[in-house]
Amino acid sequence: RKRFLIDDDEFLLTIGFGGDPEERAVVQLPQIVNLLRSLPVVVAFRFHPKHPDKEMLWVEACLSGLDTIDARRLNLNDLNIASNMVVAEWTSQDPYKALLCGIPTATLLFPERFPLGSGEMFDDYERRIGVGFPSGIPPIVAMSLAWGASTPEELKGLIQYVIRNEADAKAKTIERALSFRDLARPGAAECMAHEFMKYIG
């Protein structure tokens, strides 16, 4: 925060976009920029490093008129910890790290349907069902549905809530994180793999 001259009373919002399918971030960015125009935030946009249009998306973000910082090369863990709030895709593991550090974290669940470059319609709900999430609800949202943003309006409401009630939001985040704290213990990956093998082995 010192490096970018962000004062303690300023609200740093980190937004992480996924890379698959690539059209999703392209559709999301203008929707998110539009909802942020009326909010008192400093924004750190993070585009997936393998996204083929990441430079184009970055230029678009810079031209948005929002108060932004260039966080493209920052360590993401450091950035998340420095943030007042993190918004990210359900496909990423980084939101879980932010959650475990007590940073209020919202999950992007929109847009649910959008056209791919091939002309086919992509259905994110079907993808979530396909990877095995009960009712299509990712684990990071399952323990508290209110933190999943299914529309830009819902995301705006969550950001406004954290801006106005950050202490309460942090307390709720710590409660949410309890469900995932075992993920941070040494050997967690091996334990999970062992459990998975019981079902697929």
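**Cysteines.** I started with the cysteines and counted zero disulfides. I kept in mind that this is a predicted model. Cys-62 has a relative accessible area of 38%, so I noted it as partly exposed. Cys-191 comes out at 52% relative accessibility, and because the cut-off for exposed is over 50%, Cys-191 counts as exposed.

**Helix H7.** I then turned to helix H7, residues 152-164, and checked its length.

Which residues of H7 are buried? I found Pro-152, Leu-155, Leu-158, Ile-159 and Val-162. They cover an arc of only 120° around the axis, which means that they sit on the same side of H7. A handy reminder for my notes: an α-helix has 3.6 residues a turn, so residues three or four places apart point the same way. On the other side of H7 I found Glu-153 and Arg-164 exposed.

I also asked what covers the buried residues of H7. The cover includes strands S1 (12-16), S4 (85-89), S5 (105-108) and S8 (148-149), along with helices H1 (22-36) and H8 (166-177).

**Asp-123.** My last stop was Asp-123, which lies in strand S7 (residues 121-123). Is Asp-123 buried or exposed? Its relative accessible area is 14%, and because buried means under 20%, Asp-123 is buried. I saw its side chain reach the backbone nitrogen of Tyr-125 at 2.9 Å. Leaving aside residues up to four places away in sequence, Asp-123 touches Glu-112 and Arg-113.

How values were computed
Residues numbered from 1 in each chain as written. Predicted model: local features only at pLDDT ≥ 70, side-chain atom pairs only at ≥ 80, totals over all residues. Heavy atoms only, no water. Buried < 20%, exposed > 50% of the residue type's maximum accessible area, 1.4 Å probe, protein only. Helix = DSSP H or I, 4+ residues; strand = E, 2+ residues; numbered from the N terminus. Arc of directions from axis to C-beta. Contact = heavy atoms within 4.5 Å. Polar contact = N/O pair within 3.5 Å; in protein donor to acceptor, adjacent residues only side chain to side chain. Disulfide = S-S within 2.5 Å.
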